[in-house]
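The points follow the display and may be read beside it.

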Amino acid sequence: MWSGAVVLGLLAVLFLSSTSTSVVAAGGTNLAQVGATVTPLSTPASLTPISMDAASVSSVATPATVTPVSSPATVTPVPSPATVTPVSTPGGPTPAATSGTTASANVTPTPAASTQPEPSADPFRDRKDRMALMVARARVNAGLLPLARSPQLDHAADLHAQDMVARGYMDHDAPDGSSPASRAAAAGYDTPRGSAWLVVETISANSDEPDGAIGWWLSDGVHRRVLLRNYWREFGVAYVKGGPYGRFWVALFGCRPNVLPPVLLDGMLDIPTESCGRSGDAFGPVQSVRVGDTSASAESQAWTDYTAQQSWPAGRPAIVEMRDGSGQQLSVHAADPTGAAAP
């Protein structure tokens, strides 16, 4: 027969064992105790774009940092429609003063990277082209210029979308440490370090169709200000199926020195100017232009004061020559927002 002390000792052991098992079980199901807090982002009740006006887009607010979900156990992802983290720009977006520009020089636009995939090999090219047109028309409706399509930004956006699908995450900073600006630079879209030229990225997993993704962006204050920021000049977009939410849209907005691409859209020729950054050897704000359907035709025209828009017959090619206040010149073929030049 066991003594009373022995019985009490066995009961104490059983009690402690039961308590320990309960704590472990709770720890296995409470993700907050293992650093895997999941905060779902609410999806707007309506994707109807809110009213847009150019006066409200002078700056981009930086949202709170999005921390990727770390999941030590099996966790069903919560759909997160979109997120944005603008790349910080030292000194802010206000251009620095122009100085030391050499007169009567021709500025060569930044060449395209040679690593771009052939458009014909892209099964989602039409879907992405429709997104580019929607972004362009949303900007025009807000009193802004449409954006030119950048193959380099397309390529950088596509690589990031594919990486998020492959690794199952949703964030602007990839696990390898790359950022929107560094990925764009690797694709040939260079924005000088410490300058006001920059690249900003938006992401959405909201819909397979472009109107669903852009509707969400335009209905959210931060994303709307990105799409409608006044000094963007170029745009890149990617759509990839798969990943934790079924698909990813990635859009990149940028401006870089010496690249001022004109855009043909809906019977208008839109001509950008340099409003993004300054440096001593970069092309400055456009002072005068001349336009023709061939290089010879453009060169035969008299220089006229710069205007951002002029009527232009749909389907007619356009070559725009631009001249800044120091006499530097750019000659650029115009294209529509999908990157297609008129025949």
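1. The side chain of glutamate 201 makes a polar contact with the side chain of histidine 172, at 2.5 Å. A polar contact is a pair of N or O atoms within 3.5 Å; within protein, one must be able to donate a hydrogen and the other to accept it, and residues adjacent in sequence count only if both atoms are side-chain atoms. The side chain of glutamate 201 also makes a polar contact with the side chain of arginine 183, at 3.1 Å.

2. The model is predicted: local features need pLDDT of at least 70, side-chain atom pairs count only at pLDDT 80 or more, and totals for chains, interfaces and linings use all residues. Residues are numbered from 1 along each chain as its sequence is written, and side-chain values use heavy atoms, with hydrogens and water left out.

3. Where does glutamate 201 lie? Its place is in strand 3, residues 198–204. Glutamate 201 is buried, because its relative accessible area is 1% (buried means under 20%, exposed over 50%, partly exposed in between, with a 1.4 Å probe and protein chains only).

4. Tryptophan 216 belongs to helix 5, residues 210–219. Tryptophan 216 is likewise buried, with a relative accessible area of 6%. From alanine 205, tryptophan 216 is 11 residues away in sequence and 9.9 Å away in space, C-alpha to C-alpha.

5. For the chain as a whole, there are seven helices and 12 strands (DSSP runs numbered from the N terminus: helices are H or I, at least four residues; strands are E, at least two). Of its 343 residues, 42% count as buried.
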